[in-house]
Amino acid sequence: MICSVPKCGRPSLKKGMCNGHYLRNWRHGSPFLGGELRHHLPTKERFEMYLFPMPSEHGCVFWTGSTSRTGYGQMRFGKKLKLSTHVALELAGIEVPKGMVAMHSCDNPLCVNPKHLRVGTHQDNIQD
């Protein structure tokens, strides 16, 4: 028997899935989460996987995924890393032009609430 996950093709071992998908399903609740297959999810779904479930009392929405050395959230797109704040703004329909930064009104580097973010220059961010 073959794994029931589309495009897998490996032999089925447990509950109709190969060992890898069975373990992902056991660990993450879905055979698609974790590992390489999460990169095939739409950007919004991947982004939302890394959000803390409840906003803070100030309305901050916390990024729980990977962070840079400077403490800002980051997300991989192929071989490229993007800041989670830039992804949050793009998902809200706000483009971050090259050379511009996402500025926090809440001064919390892990906040990805688009209501707390605005686009500005690096100098604007330093003055803020």
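Biologist: Why is Trp-63 called buried?

Modeller: In this predicted model, the relative accessible area of Trp-63 is 3%. Buried means under 20% relative accessible area, exposed over 50% and partly exposed in between, with a 1.4 Å probe and protein chains only. Trp-63 therefore counts as buried. Local features need pLDDT of at least 70, side-chain atom pairs count only at pLDDT 80 or more, and totals for chains, interfaces and linings use all residues. Residues are numbered from 1 along each chain as its sequence is written, and side-chain values use heavy atoms, with hydrogens and water left out.

Biologist: What makes the pair of Phe-47 and Trp-63 tilted?

Modeller: Rings of Phe, Tyr and Trp (its six-membered ring) pair if their centres lie within 6.5 Å; planes under 30 degrees apart count as stacked, over 60 as edge-to-face and the rest as tilted. The centres of Phe-47 and Trp-63 are 5.4 Å apart and the planes stand at 35 degrees, so the pair is tilted.

Biologist: Which rings are linked into a cluster?

Modeller: Ring pairs join Phe-47, Tyr-50 and Trp-63. Tyr-50 and Trp-63 form a tilted pair, 5.4 Å centre to centre with 45 degrees between the planes.

Biologist: Why is Gln-74 called buried?

Modeller: Its relative accessible area is 16%, so Gln-74 is buried.

Biologist: What does the side chain of Gln-74 reach?

Modeller: The side chain of Gln-74 reaches the backbone oxygen of Thr-67 at 3.3 Å. The C-alpha atoms of Gln-74 and Trp-63, 11 residues apart along the chain, are separated by 8.8 Å.

How values were computed
Polar contact = N/O pair within 3.5 Å; in protein donor to acceptor, adjacent residues only side chain to side chain.
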